[in-house]
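Please keep the sequence and the structure in view while reading.

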Amino acid sequence: VSESMFKSVVKMGFNQRRKTLRNALKALQLPDNPYMSKRAEQLSVAEFLELTKMAMEVKLQYTDALEEKSLSEKIDENFLS
């Protein structure tokens, strides 16, 4: 797990007081899980590590999708030229 990503997830979780993690981490587009209905102060370090792993997986999927789209556009450009 990336230390900087872990710090970002924890900071986002605690950034908005009295918000559930579902709302505080909305920008990360994490899949729904039991942690998302809790507040940041209710989670252990291990649970934040799990959330960070999920966030990294989402980021990787998003990056892969962008690369695939870019490759597809390049193929289309070459095909249409």
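**Salt bridges and a nonpolar patch**

Lys7 has a relative accessible area of 51% and is therefore exposed (exposed is over 50%, buried under 20%, partly exposed in between, with a 1.4 Å probe and protein chains only). This is a predicted model, in which local features need pLDDT of at least 70 and side-chain atom pairs count only at pLDDT 80 or more, while totals for chains, interfaces and linings use all residues. Residues are numbered from 1 along each chain as its sequence is written, and side-chain values use heavy atoms, with hydrogens and water left out.

Lys7 forms a salt bridge with Glu3, their closest N and O atoms lying 3.4 Å apart; a salt bridge here is a side-chain nitrogen of Lys or Arg within 4 Å of a carboxyl oxygen of Asp or Glu. Because Glu3 and Lys7 are four residues apart in helix α1, about one helical turn separates them. Helices are DSSP runs (H or I, at least four residues), numbered from the N terminus. Glu3 counts as exposed, at 57% relative accessibility.

The count comes to two salt bridges. In the other, Asp32 pairs with Arg22, with 2.8 Å between the closest N and O atoms. This pair links distant parts of the chain, ten residues apart: Arg22 is in helix α2 (21-24), and Asp32 is in the loop between α2 and α3 (45-80). Asp32 is exposed at 60% relative accessibility, whereas Arg22 is partly exposed at 37%.

Val1, in the segment before α1 (3-15), is exposed at 53% relative accessibility. Together with Val45, Leu49 and Met56, Val1 makes a nonpolar surface patch of about 330 Å². Patches are made of residues with over 30% relative accessible area and no salt bridge, like charges being joined within 9 Å and nonpolar side chains (Val, Leu, Ile, Met, Phe, Trp, Tyr) within 5 Å; accessible areas come from the Shrake-Rupley method with a 1.4 Å probe, and for residues only the protein chains shown count as cover.

Notes. Helix = DSSP H or I, 4+ residues; strand = E, 2+ residues; numbered from the N terminus.
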